[in-house]
Amino acid sequence: MWKGAIGFGLVSIPVKLYAATEEHGVSLHQVHAEDGGSLGVRAVPANDGPNLCSSAPA
């Protein structure tokens, strides 16, 4: 265990860091701001060529 503090100007926040007991992954999802729906990923060549998704408009 590690003990220390993080300081921001005149404010100091005590912190304790513990070793992990299990490995956990982090899942990050992009969300559309207007309707809260999930954003997908489109397959586009690195040279900005045509879109390779069959459902995407040309």
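Author: In this text, buried means under 20% relative accessible area, exposed means over 50%, and partly exposed lies in between, with a 1.4 Å probe and protein chains only. The model is predicted, so that local features need pLDDT of at least 70 and side-chain atom pairs count only at pLDDT 80 or more, while totals for chains, interfaces and linings use all residues. Residues are numbered from 1 along each chain as its sequence is written, and side-chain values use heavy atoms, with hydrogens and water left out.

Reader: Is Phe8 buried or exposed?

Author: Phe8 is found in strand β1, a strand being a DSSP run (E, at least two residues) numbered from the N terminus. The relative accessible area of Phe8 is 55%, and therefore Phe8 is exposed.

Reader: How many bridges join strand β1 to strand β2?

Author: Two strands pair if DSSP finds at least two bridges between them. Strand β1 covers residues 2-8 and strand β2 covers residues 11-17, and the two run antiparallel. Trp2 stands opposite Leu17 in β2, and Ile6 stands opposite Ile13. The number of bridges that join β1 to β2 is seven.

Reader: Which residue takes a positive phi in the hairpin of β1 and β2?

Author: This hairpin has two residues between the strands. The positive phi, near 65°, belongs to Gly9.

Reader: Of the seven residues of β2, what is the number buried?

Author: Strand β2 lies largely in the open, because the number of its seven residues that are buried is zero.

Terms used. Helix = DSSP H or I, 4+ residues; strand = E, 2+ residues; numbered from the N terminus.
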